[in-house]
Amino acid sequence: MVDTAHANRIGKFRGLTGPHWSLRPICGGQEWEADPEHVRPADSIERLRAQNARCNARSRGEVL
């Protein structure tokens, strides 16, 4: 998912927090809340970039 209200941050949907969605960065890190009206599905190039960033972080030992 892409949160357009927060500089197009890409994250995984983690659940609901009241009226907001909880998203977590693909490479791990702190979750953030997003308004559902500012979230859209990531397109194929955004998903590829996020997966590449995750692989790079894993190779550096930053992600389990």
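Me: Is Glu-46 buried or exposed, and what is its relative accessibility?

Reply: In this predicted model, Glu-46 has a relative accessibility of 13%, and because buried means under 20% relative accessible area, Glu-46 counts as buried. The side chain of Glu-46 meets that of Arg-40 in a salt bridge, with a distance of 2.8 Å from N to O. As a general point, side chains of opposite charge can pair when their charged atoms come close.

To place this pair in its setting, a search of the whole structure finds three salt bridges. Another of them is formed by Arg-14 and Glu-31, whose closest N and O atoms are 3.4 Å apart. That pair links distant parts of the chain, since Arg-14 lies in strand E2 (residues 9-17) while Glu-31 lies in the loop between strand E3 (20-25) and strand E4 (32-34), 17 residues apart. Arg-14 is partly exposed at a relative accessible area of 48%, and Glu-31, at 35% relative accessibility, is also counted as partly exposed.

There is also a salt bridge between Arg-60 and Glu-62, in which the closest N and O atoms are 2.9 Å apart, and here both Arg-60 and Glu-62 are exposed.

Methods
Residues numbered from 1 in each chain as written. Predicted model: local features only at pLDDT ≥ 70, side-chain atom pairs only at ≥ 80, totals over all residues. Heavy atoms only, no water. Salt bridge = Lys/Arg side-chain N within 4 Å of Asp/Glu carboxyl O. Helix = DSSP H or I, 4+ residues; strand = E, 2+ residues; numbered from the N terminus. Buried < 20%, exposed > 50% of the residue type's maximum accessible area, 1.4 Å probe, protein only.
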